[in-house]
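User: I am new to this structure. Could you show me how to read its helix packing and its ligand site?

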Amino acid sequence: MTLAKIAMQADEFRLIREYVAESMGLVLEEGTQKGLAARLSPRLHELRLRSFAEYYSYLKFSPMRSAEVQRLVPLITNNETYFFREAAQLSVLVQEVLPALKEKKLAEGERTLRILSAGCSSGEEAYTLAMLLLESGGFSWDWDVRITGIDIDTRVLDAARQGSYGERAFWATEPHLVERYLKRQGDRYVVRDILRKWTSFTQANLLDLADSIGGERYDVILCRNVLIYFGDQTVQRVVDNFSALQGPGSYLFLGHSESLSRTQASYLPLRFPGAIIYQKRV
Ligand SMILES: C[S@@+](CC[C@H](N)C(=O)[O-])C[C@H]1O[C@@H](n2cnc3c(N)ncnc32)[C@H](O)[C@@H]1O
């Protein structure tokens with residue numbers, strides 16, 4: 001039996017929208033009210049709630065609120081991703097950024113590399129980075145490399161840890177790389193241990209990184225196709241959080257449709273053919 005859809009009133013949408021913006025940074029666009037009501041109605045029935053005002057109180061005040069947020073997240077986020085997304089940026093990473101970092105680290109007598117995939121979804125970006133590092137040949141066994149994927153959504157993080165993908169995830173990947181770094185299991189492709197060695201996945205909210213991953217300094221942060229869903233003030237807050245995790249000269253990659261405003265003083269834009277990246281100012 002399908003239960004009736006519960007209507008969401010304008011003031012209820014406003015409350016949920018404010019809550020989502022405040023706690024996750026995401027902007028629920030005007031016009032998404034009906035769709036959201038349809039996706040959430042089964043959950044309200046499960047909880048025996050009669051209105052979205054009651055659901056809002058449940059989200060804010062129930063002892064089960066953190067678990068409820070995890071149920072809400074997949075209904076409002078876009079998790080689309082694939083291997084080797086935005087090739088022009090990845091070329092800049094391989095040809096410019098990694099050699100520069102390697103030279104700097106060796107000059108300082110250090111052999112560590114820390115990369116953050118922020119808003120990693122199901123892990124394709126983090127595993128792509130591991131493949132690029134391995135293919136570059138510049139970081140051998142005596143380097144301590146860590147690629148950390150973070151996301152707010154525990155469901156996609158489980159998928160990232162499993163590392164099992166359908167063919168569609170590789171439409172932008174050269175076939176010989178799929179062959180080298182993944183093994184076929186039926187109609188799935190599973191990442192090989194060599195990729196797992198450097199990668200790990202942790203739940204974290206970009207609005208508040210200090211408690212989750214605050215102890216680390218990242219040489220490169222990629223936060224691509226995430227900030228487009230945030231408002232201007234939230235973008236500023238997230239970039240400030242990144243800045244606190246990076247030393248001078250470190251690099252930040254955003255999606256090609258995302259750029260930092262000129263008021264963002266902590267990063268300098270570096271322009272390359274087909275890609276802009278950012279470097280933390282000294
Ligand atoms: C479209 S995917 C981008 C994946 C990958 N970076 C790429 O470019 O292909 C956006 C991801 O950002 C995550 N996200 C959204 N808001 C977040 C937040 N406040 N903290 C952490 N992750 C968030 C979503 O759960 C989603 O998995």
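User: Which residues in α2 meet which residues in α4?

Analyst: One caution before the case: this is a predicted model. To read a helix contact, list the residues on each side. From α2 come Leu36, Arg39, Leu40, Arg43, Glu46 and Leu47. From α4 come Glu68, Arg71, Leu72, Leu75 and Ile76. Sorted by class, this contact has 6 nonpolar and 5 charged residues, and no polar ones.

User: At what angle do α2 and α4 pack?

Analyst: Read the angle together with the axis distance. Helix α2 covers residues 33-47, and helix α4 covers residues 65-76. They pack at about 155°, and their axes are 10 Å apart.

User: Why are α2 and α4 called roughly antiparallel?

Analyst: Angles over 145 degrees count as roughly antiparallel. The angle here is about 155°, so α2 and α4 are roughly antiparallel to each other. The crossing of α2 past α4 is right-handed.

User: How do helix α1 and helix α3 cross, and at what angle?

Analyst: Apply the angle reading again. Helix α1 spans residues 10-24 and helix α3 spans residues 52-61. Their axes come within 9 Å and cross at roughly 20°. Angles under 35 degrees count as roughly parallel, which makes α1 roughly parallel to α3. Here α1 passes α3 in a left-handed crossing.

User: Which residues of α1 and α3 meet?

Analyst: On the α1 side, they are Glu12, Leu15, Ile16, Tyr19 and Glu22. On the α3 side, they are Phe52, Ala53, Tyr55, Tyr56, Leu59 and Lys60. By class, 8 are nonpolar, 3 are charged and none is polar.

User: What is the angle between α5 and α6?

Analyst: Helix α5 (residues 87-107) and helix α6 (residues 124-136) pack at about 45°. Their axes are 11 Å apart. At that angle the two helices are therefore oblique to each other. α5 passes α6 in a right-handed crossing. Leu90, Leu93, Val94 and Leu98 of α5 make the contact with Thr128, Leu129, Leu132 and Leu133 of α6. That contact has 7 nonpolar residues, 1 polar and no charged ones.

User: Now the ligand. Which residues come nearest to the ligand?

Analyst: Start with the surroundings, then look at atom pairs. There are 21 residues around the ligand. Met24, Thr81, Arg85, Asp151 and Asn225 come nearest.

User: Which atom of the ligand is 2.6 Å from the side chain of threonine 81?

Analyst: An oxygen atom of the ligand. A nitrogen atom of the ligand lies 2.9 Å from a backbone N or O atom of glycine 119. A polar backbone atom of leucine 206 is 3.0 Å from a nitrogen atom of the ligand.

Key. Residues numbered from 1 in each chain as written. Predicted model: local features only at pLDDT ≥ 70, side-chain atom pairs only at ≥ 80, totals over all residues. Heavy atoms only, no water. Axes fitted to C-alpha atoms, helices over the stretch in contact; angles between N-to-C directions. Helix = DSSP H or I, 4+ residues; strand = E, 2+ residues; numbered from the N terminus. Parallel < 35°, antiparallel > 145°, perpendicular 65-115°, else oblique. Left-handed = near helix turned anticlockwise from the far one by under 90°. Contact = heavy atoms within 4.5 Å. Nonpolar A, V, L, I, M, F, W, Y, C, P; charged D, E, K, R; others polar. Near = heavy atom within 4 Å. Polar contact = N/O pair within 3.5 Å; in protein donor to acceptor, adjacent residues only side chain to side chain.
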